[in-house]
Amino acid sequence: MTDTAVYAAGAVIWRLVEGKLRILVVHRTAYADVTLPKGKVDPGEMLAETAVREIFEETGIRVALGPPVGVSRYHLPKGREKIVHYWAAEATDDAIRASAFVPNKEIAALEWIPPRKARSYLSYPVDVEILETFLALVDDGVLQTFPLIVLRHAKAEPRGSFDGADAARPLTTRGVRQAAAIVGPLRAFGVRRIITSDAVRCVATVAPLAAATGRQIQRTAALSQDAWERGESDARGVVGKRVRAGKPAVLCSHGPVLPEILTEIALATGTMKGSYLGSASALEVGAFSVVHLSSTNPGSGIVSIETHVPKV
């Protein structure tokens, strides 16, 4: 991120009404326009958690993010560039019923409309461009997705300064901050399963997420660096189970093991291997890559991959 740009995040929120696709647009009070739900990043936030928070604040609807659908860029009246990241996000019936939205000084009304109608209904061309990317997912039949999130553990004590076994190395103070910082963005993708290497640094990385979500941590040596160095790791078994389950999950492991995990996701989904796998697995400590897969046909290949890096 640059120092001068204004960053924001939002989503194309969708639902099925009697089998027909509808998207949510907001009528803004002050601007008298029709646009997609979005809002500016708060200090310390990562973009994914901004999107979920702003959607809830504007609409009262809690969502989990699906695939990214583009980035809009435009200049504000005073000349600063505004950069807005968007995802697709399904609004479930339960989430809509739970919404306590009432018209207010920011949002005058919410409206569900056919997506094709939105081309002429939205007030801004940049929103229409995001809509077109969303509609490409619809046309490809990959709108309903689930994420497998590949996470590298947070910053740990260096090997050279730790007397115990490598697997027992704890997180540093910075690592603890990183583990806390990624809770919001991981929750933004609706994580329901937490699988991790049994190394202390990996378990400690996902512990705040488990506490925040009430989910249990599943520890496994199959994703550990020790097992990988002995040639005994089993990323294929772990990944295969998660792909078959079709539920949002995070897999926390070590730098040397990440390329194997990403490769196995590609193999399990019939996706051609390429340099993109290397980019998605070359993660900094505490960073993660979100691999979006089709819920109805995960064997149809990876829908998209995005990478997120904590700011601490």
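Predicted model: local features only at pLDDT ≥ 70, side-chain atom pairs only at ≥ 80, totals over all residues.
Me: Let me start with strand S2. Is S2 enclosed or open, and how many of its residues are buried?

Reply: Count the buried residues along the strand. Seven of the nine residues of S2 (residues 20-28) are buried, so the rest of the structure largely encloses this strand.

Me: Which strands pair with S2, and in what sense?

Reply: Look for bridges, then for direction. Strand S1 (residues 6-17) pairs with S2 in the antiparallel sense over four bridges. Strand S7 (residues 107-113) is also an antiparallel partner of S2, over six bridges. Strand S3 (residues 33-35) pairs with S2 over three bridges, again antiparallel.

Me: Which residues can I click on to see each pairing?

Reply: Leu16 has Leu21 in S2 as its bridge partner. Leu24 stands opposite Trp112 in S7. Arg28 stands opposite Asp33 in S3.

Me: What do I look for in the turns, at Glu18 and Ala32?

Reply: Most residues other than glycine have a negative phi. Ala32 has a positive phi of about 50 degrees and is not a glycine. Its hairpin, formed by S2 and S3, has four residues between the strands.

Me: Are Glu18 and Ala32 buried or exposed?

Reply: Compare each relative accessibility with the cut-off, since exposed means over 50%. Glu18 has 80%, so Glu18 counts as exposed. Ala32 has 70%, so Ala32 is exposed.

Me: Which charged side chains sit over rings, and over which rings?

Reply: Check the charged end against the ring centre. Arg15 lies over the face of Trp112, 5.1 Å from the ring centre. The charged end of Lys117 sits over the ring of Tyr121, at 5.0 Å from its centre.

Me: How many aromatic pairs does a search of the whole structure find?

Reply: The search covers the whole structure and finds zero aromatic pairs.

Me: How many disulfides are there?

Reply: A disulfide is a covalent bond between the sulfur atoms of two cysteines. A search of the whole structure finds zero. Cys202 is in no disulfide, and its nearest cysteine sulfur, that of Cys252, is 4.1 Å away. Cys252 is in no disulfide either, with the sulfur of Cys202 as its nearest, 4.1 Å away.

Me: Are Cys202 and Cys252 buried or exposed?

Reply: Buried means under 20% relative accessible area. Cys202 has 0%, so Cys202 is buried. Cys252 has 0%, so Cys252 is buried.

Me: Is S8 covered or open, and which strands pair with it?

Reply: Six of the eight residues of S8 are buried, and the strand is mostly covered. S8 pairs with S12 in the antiparallel sense over seven bridges. There, Pro147 has His292 in S12 as its bridge partner. S8 pairs with S11 in the parallel sense, over five bridges. For that pairing, find Arg152, whose bridge partner in S11 is Ser253.

Me: Where is Ala118, and what does it touch?

Reply: Ala118 is in helix H3 (residues 115-121). Its relative accessibility is 0%, so Ala118 counts as buried. Not counting residues up to four places away in sequence, Ala118 touches Ile23, Ile113 and Leu131. Ala118 and Leu131 are 13 residues apart in sequence and 8.0 Å apart, C-alpha to C-alpha.

Conventions
Residues numbered from 1 in each chain as written. Heavy atoms only, no water. Phe/Tyr/Trp six-rings, centres within 6.5 Å; stacked < 30°, edge-to-face > 60°. Lys NZ or Arg CZ within 6 Å of the ring centre and 35° of its normal. Disulfide = S-S within 2.5 Å. Buried < 20%, exposed > 50% of the residue type's maximum accessible area, 1.4 Å probe, protein only. Helix = DSSP H or I, 4+ residues; strand = E, 2+ residues; numbered from the N terminus. Pairing = 2+ DSSP bridges. Contact = heavy atoms within 4.5 Å.
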